[in-house]
Amino acid sequence: MTQLMTIERFILQQQARFPDATGTLTNLLYDIALAAKLIASEIRRFGLGDIVGAAGTENVHGERQQKLDVFADEVIVRMNDHTGRLAAMASEEHEEIIEVAPRYGSGKYVLLYDPLDGSSNIDVNVSVGTIFSVHRRITSGPVGTLQDLLQPGRSLAVAGYVIYGSSTMLVYSTGTGVHGFTLDLSLGEFLLSHPNMRFPEKPLYYSANHGHEKHWTPGVRRYVKELQGLHGTGKPPLSHRYTGSLVADFHRNLLRGGVFVYPGEVGGGDKPNGKLRLTYEGQAVAFIAEQAGGRASDGIGDLLDIQPHTLHQRTPCFVGNKELVDQAEEFVAQYDHEWRGQYLPYRQREAQLGTR
Ligand code: P6P
């Protein structure tokens, strides 16, 4: 019988490798794992329990808020706003920084998260996910500030996601590899099921929403045709898989090899700078991708090197096997000068620390 390794024991084992570790990050990861169990149990009951349909409210982006979005967000806030481990938080469901009470605000870390990514898929029973990133605090006041939250992804302390699918999995990295844990419902424990996850050498899939193809740039159109093997380069075509849940598409590509593509749009498209949010979606999958031997780009350069300017800043995103992401950059560099011209000023905007 293989050794039962719970996430708690694994995190403690990993902590032992850092003698000066104080256990704060370890306990923060426990908190996130517990929040994931609570959210998972509510999702399993969805449609059976009293949480049905949309909450009737809209989130900061004018998107219909499913009650489970609200529930997941509240679980994460309540799990973390009084532990003394965090100095501030940011969430897709909150327009502004989530303040931590000064008496708890001296934490060494800040947490950025999307509580329920892909939530429009909930009531059609397609996998959804929670995405989280943890930065080390860089300010020293009584509570955390935007400056702590608007850091490049390269300096992340932890990044991870939970996928609520046929099983519930928690995948995370602290910068020493990517490790996956599957929730054993009979034990109520996340058990190590995927140690040291790496993108397979040979990719099988690409994920993109062809419904937006008319707004893709010339370079991205050519790139996707290359992925489909239509340029006669002899490379085997990749199969197309797209669920509309970043976590589900990214997770499949991590396990089977592939690339997720959500580019910036032109020609009347309403997403010139992409759709994904840099701070609480893009940075997390980019950090995990690099730790798993892959990479992430906005079409210009590494997504982890972008200095965020606002909490809800969007980013184009090509993430997955390294050579597939490298290829995307080559096509954008060769064919997409017009799009680059309008995107670069957005990408390079100074961090707006005083505003959202
Ligand atoms: P589209 C979900 O809303 C999300 O942010 C990601 O999870 C997902 O990859 C993307 O949007 C889907 O967007 O435009 O293809 O529906």
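Predicted model: local features only at pLDDT ≥ 70, side-chain atom pairs only at ≥ 80, totals over all residues.

Guide: A polar contact here is a pair of N or O atoms within 3.5 Å. A polar backbone atom of L246 lies 2.8 Å from an oxygen atom of the ligand.

Two side chains come next. For D117, an N or O atom of the side chain is 2.6 Å from a ligand oxygen. For Y242, the corresponding distance from a side-chain N or O atom to a ligand oxygen is 2.5 Å. Now the cover. The ligand taken alone exposes 400 Å². The protein buries 81% of that area.

Widen the view to the shell. D117, G118, N209 and H212 are among the residues around the ligand. Y242, G244, S245 and L246 also belong to that set. F260, Y262, K275 and E281 complete it. By class, the shell has four nonpolar, five polar and three charged residues.

L246 is on the α6 side of a helix contact, and E281 is on the α7 side. Helix α6 covers residues 246-256, and helix α7 covers residues 278-291. Their axes are 12 Å apart and the packing angle is about 10 degrees. Angles under 35 degrees count as roughly parallel, so α6 is roughly parallel to α7.

Look at who makes that contact. From α6 come L246, F250 and L254. From α7 come E281, V285, I288 and A289. The contact residues divide into six nonpolar, no polar and one charged. E281 is the charged one, because Glu is classed as charged.

How values were computed
Residues numbered from 1 in each chain as written. Heavy atoms only, no water. Axes fitted to C-alpha atoms, helices over the stretch in contact; angles between N-to-C directions. Helix = DSSP H or I, 4+ residues; strand = E, 2+ residues; numbered from the N terminus. Parallel < 35°, antiparallel > 145°, perpendicular 65-115°, else oblique. Contact = heavy atoms within 4.5 Å. Near = heavy atom within 4 Å. Polar contact = N/O pair within 3.5 Å; in protein donor to acceptor, adjacent residues only side chain to side chain. Areas by Shrake-Rupley, 256 points an atom, 1.4 Å probe, with all protein chains shown as cover.
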